[in-house]
Amino acid sequence: MRTTEHAVVIAGGGPAGMMLAAELALAKVDVAVVERRPDHVLAGSRAGGLLTRTIEVLDQRGVADRFLAEGQVHQAMPFGTAMLDMSDLPTRHPYFLGIFQNEIERIMAAWIAELPVRIYYGSEVTGFAQDDTGVDVELSDDRSLRAGYLVGCDGGRSVIRKAGGIEFPGWDPTRSNLIAEVETAEEPPQGVRHDATGIQAVHMMENGSTVRVVVTEQEIGPSSEPTLRDLSEALITVYGTDFGIHNPTWISRFTDMTRQAATYRAGRVLLAGDAAHVHYPAGGQGLSLGVQDAVNLGWKLAQVVGGSSPDSLLDTYQDERHPVVARVLQHTIALGTLQRQDERMKALVDVVSELANLDEPRKRLVGIRSGLDIHYDLGEGHPLLGRRMPDLDLMTANGPLRVFELLHGARPLLLDLAQPGDFDVAPWADRVQLIAASYNGDWELPVLGAVSAPTAVLIRPDGYVAWVGDGTDVGLTDALATWFGPPA
Ligand SMILES: Cc1cc2nc3c(=O)[nH]c(=O)nc-3n(C[C@H](O)[C@H](O)[C@H](O)COP(=O)(O)OP(=O)(O)OC[C@H]3O[C@@H](n4cnc5c(N)ncnc54)[C@H](O)[C@@H]3O)c2cc1C
């Protein structure tokens, strides 16, 4: 049997796996992805778009325009019966970008094809064995891989999570939906409706002949693949007719099962994306959560693999992402519950929706849904600490630049916004960029509003602020050592 070595092997080339591969490749790590599909093509459309913070992290890598060019901007997000305005979010992207997952994966696959990422298509990870120095990764074909680290981005039924014996506690399903793309003999009524079981939705797709249907089943369906007959019966129950459905290109079932891995790390094995958490798709958060997991993990894993940071840096991945995702899971349960509208529940949904549209609650809810309110607990300090760095318009020695442009290479950045020459980062110069810049605008954070202007900020490759200067460099060397390893 042939064994090939890589620094990192990723099981699964969905959105989380591809984003992680890109992050590692940008950091010059030898990374390979094992994907069981023969190529990146996805049978159905699946997820419906990208949330604001996800568009921002793609913007931080210089590729957001590729997605923006093919998506539709929606500046309001549904909550119960309300549409919450997002247009005043302090970001360049105050919207949800409507773009189907098969398009997202096509664009991501084209991006990682430009990077040094090795992809083993048509191969499945069947198990692994780890020791003190690495992981032997078993594949379904006559190959095996050896890696320093293995990351399971292999979806909700993750083989890596199960083989690693990682618990997956949470809530059992209480309902199931069929989702499909089919042709119909009759023209169905388009739009979304709610009843006591949940959501029912019919939309014509762009080709003008295929209809995307989401229908809630009367009882939780089996775990086997759903059939056209299942869909027909579910439609007749809700609409009184199945509209003459035929020619399905995709039929799938999802539930409101909500679970989160008890740990995101078992030694040299880590989990990201749906492998680490599953939930009902209300709010369209699943894909975005996985991409953001990958951006949190990528630079940390790169530094550990490269030897500049200790292995313990990887524990901060779970410390930061687990609580953030747990909060989103709660939110999706609330959103899913608001979809069940018998007459009494409808009264409650109307009251809650009216309150949600008041300015303060709206800002909070939009903050959660957009991902812009994420706060990693990095200790006490300026409100920017642990929050995302805004994409400010800077003036630098090289002319005007946006903060996000300075993050395209996925390298840490110390932004000196006061007197050039204030800081000496020579012992980290091989890792950290030092840029002197001026910025005279406001500092406004999502949900929190205006905050005082810092004199310097240390920004991690994922765009979160690791240290804030207040006219001195107190705490800077500690922050540099904590996040980017000991001085050279
Ligand atoms: C029917 C349905 C509807 C959905 N609707 C929405 C929505 O409206 N909005 C939203 O945000 N999200 C939605 N989701 C969820 C969204 O699709 C996921 O959250 C997202 O795809 C997660 O990305 P991922 O990369 O973590 O996992 P996945 O996309 O599941 O990718 C996992 C990859 O790993 C591969 N793989 C699996 N096992 C192995 C193995 N052993 N070896 C090698 N490769 C393997 C798979 O082929 C796949 O490519 C929906 C999901 C489903 C199933």
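Me: Is Trp299 buried or exposed?

Reply: General idea to start: a residue is called buried under 20% relative accessible area, exposed over 50% and partly exposed in between, using a 1.4 Å probe and protein chains only. Trp299 is buried, because its relative accessible area is 4%. Keep in mind that this is a predicted model: local features need pLDDT of at least 70, side-chain atom pairs count only at pLDDT 80 or more, and totals for chains, interfaces and linings use all residues. Residues are numbered from 1 along each chain as its sequence is written, and side-chain values use heavy atoms, with hydrogens and water left out.

Me: Where does Trp299 sit, and which residues does Trp299 touch?

Reply: Helices (H or I, at least four residues) and strands (E, at least two) are DSSP runs, numbered from the N terminus. Trp299 belongs to helix H7, residues 286-306. Contact means heavy atoms within 4.5 Å. Leaving aside residues up to four places away in sequence, Trp299 touches Arg460, Pro461, Asp462, Trp483 and Phe484. Also, the C-alpha atoms of Trp299 and Ala410 are 7.4 Å apart, though 111 residues separate the two along the chain.

Me: What does the side chain of Trp299 reach?

Reply: Here you look for a polar contact: a pair of N or O atoms within 3.5 Å; within protein, one must be able to donate a hydrogen and the other to accept it, and residues adjacent in sequence count only if both atoms are side-chain atoms. The Trp299 side chain gets to the backbone oxygen of Asn296, at 3.3 Å.

Me: Okay, on to the ligand. Which residues come nearest?

Reply: A residue is near a molecule if one of its heavy atoms lies within 4 Å of it. There are 31 residues around the ligand, and Ala16, Glu35, Arg37, Gln101 and Asp274 come nearest. A polar side-chain atom of Gln101 is 2.7 Å from a ligand oxygen atom, while a backbone N or O atom of Gly284 is 3.2 Å from an oxygen atom of the ligand.

Me: Which element supplies the largest share of the shell around the ligand?

Reply: That's strand S17, with three residues. Helix H1 (15-26), strand S2 (31-35), strand S17 (246-255) and H7 each give the shell at least two residues.

Me: And which strands form the open sheet?

Reply: Two strands pair if DSSP finds at least two bridges between them. Three strands make an open antiparallel sheet, in the order S3-S7-S4. S3 (49-50) and S4 (72-74) are the edge strands, each pairing on one side only. Three bridges link S4 to S7 (residues 96-98), and Val73 has Leu97 as its bridge partner in S7.
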